[in-house]
Amino acid sequence: MTLLSVQDLKLEYDGRTILDGVSFDLAQGELKVIMGPSGSGKSTLLRCLNRLTMPNGGRVVFEGRDVLGPDVDERALRQRIGFVFQNFALYRHLTALQNVTLALRHLRRMPAAEADERALRQLARMDMQAHAHKYPAQLSGGQKQRVAIARALAMDPAVLFFDEPTSALDPLMSREVVNILHQLRDERVSMLCVTHDLYLARAAGGRVMFLDQGRIHAEGEVDELFGPNADPRIRAFFHQELQQAQAAQPISPAQPMDGAQPVDPSGPAGSPER
Amino acid sequence: MSFLQILLQLTGGVGYTIMVTVACSLTGVVVGLGVAMLSRLGASWLSAVLGAFTFIFRAVPVLVLLFIVFFGLPNAGLRVPPLVAMMLSLGVIAGAYLAEVFRGAFDSVDASEVLAAEAMGLSRFQILRLIEIPQMLRFAVPGMINEFTTVLKYSPFAYTVGIPDVMKEAMSLSATTLRGVEIYLAVGIIYFLIYKLLVTGVWALEKRTRIPGLTG
Amino acid sequence: MISFLAQMLEYWPQVLSGLGNTLLLAAVISVTGLVGGVVVFYLAISGGPLRRRLTEGYISFFIGTPLIVLLFLMYYGLPQWGPKLTPFTVAVIGFTLNVAAYNARYLMTAFRGLDPDELQAARAQGFSDIQIFQLVILPQVMRLSVPALTNQVILNLKDSSIAFLIQYAEFFAQMQDLAIRSFRFLDAYLVAGAVYLALVSVVVVAARWLERRYVLPGVRRAR
């Protein structure tokens, strides 16, 4: 069943075209990754889906309803969507537990005890129950990420949006995020993940869409996009990203970075000479 | 008498208001610098004394200190002219607040620069004059503006010791014309204008003497 | 000095009532000024550009004009138009307008230090603007502003002496009275000063305790 249908989404700002007719669908229980270079409009796209930013044109049908219309209850819509921010955006003045219970208590009007119990379950799902009473400043990046996800899951949303989940984390933590995505995918949580992290896009395991200059240029299974017959723009993007990634990450033999590019003219990515 | 005429009549006192504000602000800077520099000498008994000084003069109300100086000291045989009384009360209190501002500003000067100057062979006094004070004054600008505007807002107390500033003009005008509301409204506008002028003026000065990368 | 203190003891009911009035005024305006400050702060950060401009103008004006002018306007000026308010009423209104502006300014400064992503996250969760203000903004700015807000309370205590000029029978007014009666001006004013010192010290101790209690682990404090 189609959970989310984005049709010809357009957004212009300050004379610049940010989204130029973006269309895709997300089925229930599906995980999709939107990949693309910085500035391609990825984050803006997510923000249009829950009306944090209003697009100029197009349609978004979520749970069978058009959400861009004038009579839409924004707040109700947003409560159906779990949004995980790039910088986690945890409320600094609240503990991990309180971060998760805030919406339960003030939007769902849940009594404190019930909210706490529910929140602890979500934190446990993210393996963070031991840190429930810590403040965000006392948590590491990866821990904050988990609390942010628990917070998003607590309201039992229809879909989870991830905005660049790995950019604020070091490479080791990125692998943790992939594990979490796999865990949630196994639990049939519908997810849309936006990223410029190549490793994440490949390892997450869902269908990948390549967004560049406001349009989706390709959509397919991981290997189609990363394979030898891939769109040249995507390959160009790869080169850029790979170079940056190699500069930042220590190359270890276990990393599946080189797999699909034996005919790459600039040489095998993971070869020891590099 | 129109509102405009009221305004004009009041401006006679503006000169005195500005004089009081400037005199007390300068006193404050002198006192504040003195206290800030003395406290950097490090002697613990001195720090205790200076700490007590800043605490006392930040805890006593301006009006009370003014009365102590102007109406109280004559009991001890010391008669002080009105402006000096203002300087010894409002000025010294401003100095106590500015001492804190200057201390923070001194602390913001990079210690390694002072070390480099020492290594060059400059004397303590030269280092102070050539390196620390020029930088520290620039760091202290926001704090100084804050304090000077506070001095401006306490300057009306000058009327209690007989200085014919805007406030005093307003009171006599109010008594004769019975147009109190308009008069005090005009007074408020005048003080606000002086305040704006003061702030803009000092910031303009700061901009002229700004050093790229120091306070930006 | 001893003879003055003896005289002061004779008049202890007046002195005590004066002290009570000082504390009353300081306490009342600290509360109304804080509530007013929060309201003005809310107005300054929400609503359209016009409302924000007007609020900023209010803050600017009441920070830029002497408190005493406002008090005189209401106490000596208004009666010529009709309404004659008591010194206490004038003091409360005047001080509140003034203090609220300062408090709003402190809260605004703290607000600029907030993480805008947190506000976005709250919107994304579906909270209303008022809820975001109440649950995310206000708790944080209040804690960040504790030093500035408590400093304002100290100022309120000291500035309460200004009310003496509009004939409010607070502590300094009583001491002035004693000074005139006894001709011991220096003694009277020195004692007054000492009493204010003691009162301020108490508030300072309370302020430090408050600061320690409300600091969030890892959160930067506003100056």
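User: Which residue follows α1(A), and what is its phi?

Analyst: R51(A) follows α1(A), and its phi is positive, near 65°. Helices here are DSSP runs of H or I with at least four residues, strands are runs of E with at least two, and both are numbered from the N terminus. This is a predicted model, in which local features need pLDDT of at least 70 and side-chain atom pairs count only at pLDDT 80 or more, while totals for chains, interfaces and linings use all residues. Residues are numbered from 1 along each chain as its sequence is written, and chains are lettered from A and ligands numbered from 1 in the order in which they are written.

User: Is helix α1 of chain A mostly covered or uncovered?

Analyst: Helix α1 of chain A, residues 42–49, is mostly covered, with eight of its eight residues buried. Among them are K42(A), T44(A) and R47(A). A residue is buried if 20 or more other C-beta atoms, placed from the backbone, lie within 10 Å of its own, exposed if 12 or fewer do, and partly exposed in between.

User: What about R109(A): buried or exposed?

Analyst: R109(A) counts as exposed because 8 other C-beta atoms lie within 10 Å. R109(A) sits in the loop between α3 (96–106) and α4 (112–125) of chain A. Although R109(A) is not a glycine, its phi is positive, at about 60°.

User: How many helices and strands does chain A have?

Analyst: Chain A has nine helices and ten strands. Of its 274 residues, 40% count as buried. Among the contacts in chain A with a separation of 6 or more, 66% are between residues 24 or more positions apart. A contact here requires that the C-beta atoms of two residues, placed from the backbone, lie within 7 Å.

User: Moving to chain B. What pattern does it follow along the sequence?

Analyst: Chain B reads α-α-α-α-α-α-α-α-α-α, with ten helices and zero strands. Its C-alpha trace spans about 70 × 45 × 20 Å along the principal axes. Of its 216 residues, 42% are buried. For residues at least 6 apart in sequence, 78% of the contacts in chain B join residues at least 24 apart.

User: Which domain does UniProt list for chain B?

Analyst: An unreviewed UniProt entry lists "domain: ABC transmembrane type-1" for residues 14–202 of chain B. The positions are given in the numbering used here, the feature name is shortened, and such annotations may be inferred rather than shown by experiment. Over residues 14–202 the chain is 81% helix and 0% strand, and the end C-alpha atoms are 19 Å apart.

User: At what angle do helix α5 and helix α7 of chain B pack?

Analyst: Helix α5 (residues 82–107) and helix α7 (residues 124–139) of chain B pack at about 120°, with their axes 8 Å apart. The axes are lines fitted to C-alpha atoms over the stretch in contact, and angles run from 0 to 180 degrees between N-to-C directions. That angle makes α5(B) oblique to α7(B); under 35 degrees counts as roughly parallel, over 145 as roughly antiparallel, 65 to 115 as roughly perpendicular and the rest as oblique.

User: Which residues meet there?

Analyst: F102(B), A105(B) and F106(B) in α5(B) meet E132(B), M136(B) and F139(B) in α7(B). By class, this contact has five nonpolar, no polar and one charged residues. Ala, Val, Leu, Ile, Met, Phe, Trp, Tyr, Cys and Pro count as nonpolar, Asp, Glu, Lys and Arg as charged, and the others, Gly among them, as polar.

User: Now the interfaces. Which chains share the most contacts?

Analyst: Of the two pairs of chains in contact, chains B and C share the most contacts. In that pair, 29 residues of chain C are in contact with 29 residues of chain B. On the chain C side, α10(C) gives the most, with ten residues. That side divides into 19 nonpolar, seven polar and three charged residues. By contrast, no contact joins chain A and chain B, whose closest C-alpha atoms lie 26 Å apart.

User: Why does G77(C) count as buried?

Analyst: G77(C) is buried because 23 other C-beta atoms lie within 10 Å. G77(C) belongs to helix α4 of chain C. Not counting residues up to four places away in sequence, G77(C) touches S174(B), G180(B), V181(B), I183(B), Y184(B) and F72(C).

User: Last one: where is F183(C) found?

Analyst: F183(C) is in the loop between α9 (171–182) and α10 of chain C. F183(C) is not a glycine, yet has a positive phi of about 60°. With 10 C-beta neighbours inside 10 Å, F183(C) counts as exposed.
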